[in-house]
Amino acid sequence: MFIGDSMQKAQFESMVCLVQSVILEEKKSFRRIPPTMIFKAEEYNASIECHWAPFMVDSDSYHATYHTILK
């Protein structure tokens with residue numbers, strides 16, 4: 001699992017890009033449940049997950065789509 005800011009999110013996306021290219025289409029899935037992204041490789045019973053935390057501190061708002069500095 002990757003936990004972090006935009007740098008970690010980019011590393012997660014790069015790793016998923018590499019892994020998904022060698023797995024059959026029907027044996028993989030990708031889901032977004034903000035602020036988490038989940039890639040599953042069913043054939044290997046494995047998942048790669050990313051929990052995006054924009055500021056890496058506690059906040060009242062954890063919704064990745066609507067979370068901004070002003071909020």
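Is Cys17 buried, partly exposed or exposed, and what is its relative accessible area? Cys17 is partly exposed, with a relative accessible area of 47%; buried denotes under 20% relative accessible area, exposed over 50%, and partly exposed the range in between (1.4 Å probe, protein chains only). Cys50, by contrast, is buried, at a relative accessible area of 1%. No disulfide, defined as a pair of cysteine sulfur atoms within 2.5 Å, is found in a search of the whole structure.

The structure is a predicted model, in which local features require a pLDDT of at least 70 and side-chain atom pairs count only at pLDDT 80 or more, whereas totals for chains, interfaces and linings use all residues. Residues are numbered from 1 along each chain as its sequence is written, and side-chain values use heavy atoms, with hydrogens and water left out. The average pLDDT (the predictor's confidence in each residue, from 0 to 100) of the protein chain is 80, and 75% of the residues score at least 70. Confidence is lowest in β1, with a mean of 72, and highest in β2, with a mean of 94. Where pLDDT is low, the predicted coordinates should not be read in detail.

The protein chain contains one helix and four strands, which follow one another from the N terminus in the order β-α-β-β-β. Helices (H or I, at least four residues) and strands (E, at least two) are DSSP runs, numbered from the N terminus. Of the 71 residues of the chain, 25% count as buried. The accessible surface amounts to about 5,400 Å², and 57% of this surface belongs to carbon and sulfur atoms; accessible areas come from the Shrake-Rupley method with a 1.4 Å probe, and for residues only the protein chains shown count as cover. Contacts are defined by heavy atoms within 4.5 Å. Among contacts between residues at least 6 apart in sequence, 39% join residues at least 24 apart.

The four strands form an open sheet in the order β1-β4-β3-β2, with mixed pairing. Two strands are taken to pair if DSSP finds at least two bridges between them. β1 and β4 run parallel and are joined by three bridges, and Phe2 stands opposite Cys50 in β4.

Helix α1 (residues 6–20) packs on the sheet and touches β1, β2, β3 and β4; the direction of the helix makes about 160 degrees with that of β4. Such angles run from 0 to 180 degrees between N-to-C directions, and axes are lines fitted to C-alpha atoms, for helices over the stretch in contact. Ala10 is located in helix α1 and is partly exposed, with a relative accessible area of 38%. The C-alpha atoms of Ala10 and Cys50 are separated by 9.9 Å, although the two residues lie 40 residues apart along the chain.

Strand β3 (residues 36–41) has five of its six residues buried, so this strand is largely enclosed by the rest of the structure. On one side, β3 pairs with strand β2 (residues 28–33) in the antiparallel sense over six bridges. In this pairing, Ile33 stands opposite Thr36 in β3, and Lys28 has Ala41 as its bridge partner. Pro35 is located in the loop between β2 and β3, and the peptide bond from Pro34 to Pro35 is cis, with omega near 10 degrees.

β3 also pairs with strand β4 (residues 46–52), again in the antiparallel sense over six bridges. Ala41 has Ala46 as its bridge partner in β4. A hairpin is formed by β3 and β4 with four residues between them. Asn45 lies in the loop between these two strands, where its phi is near 50 degrees, a positive value in a residue other than glycine. Asn45 is exposed, with a relative accessible area of 75%.
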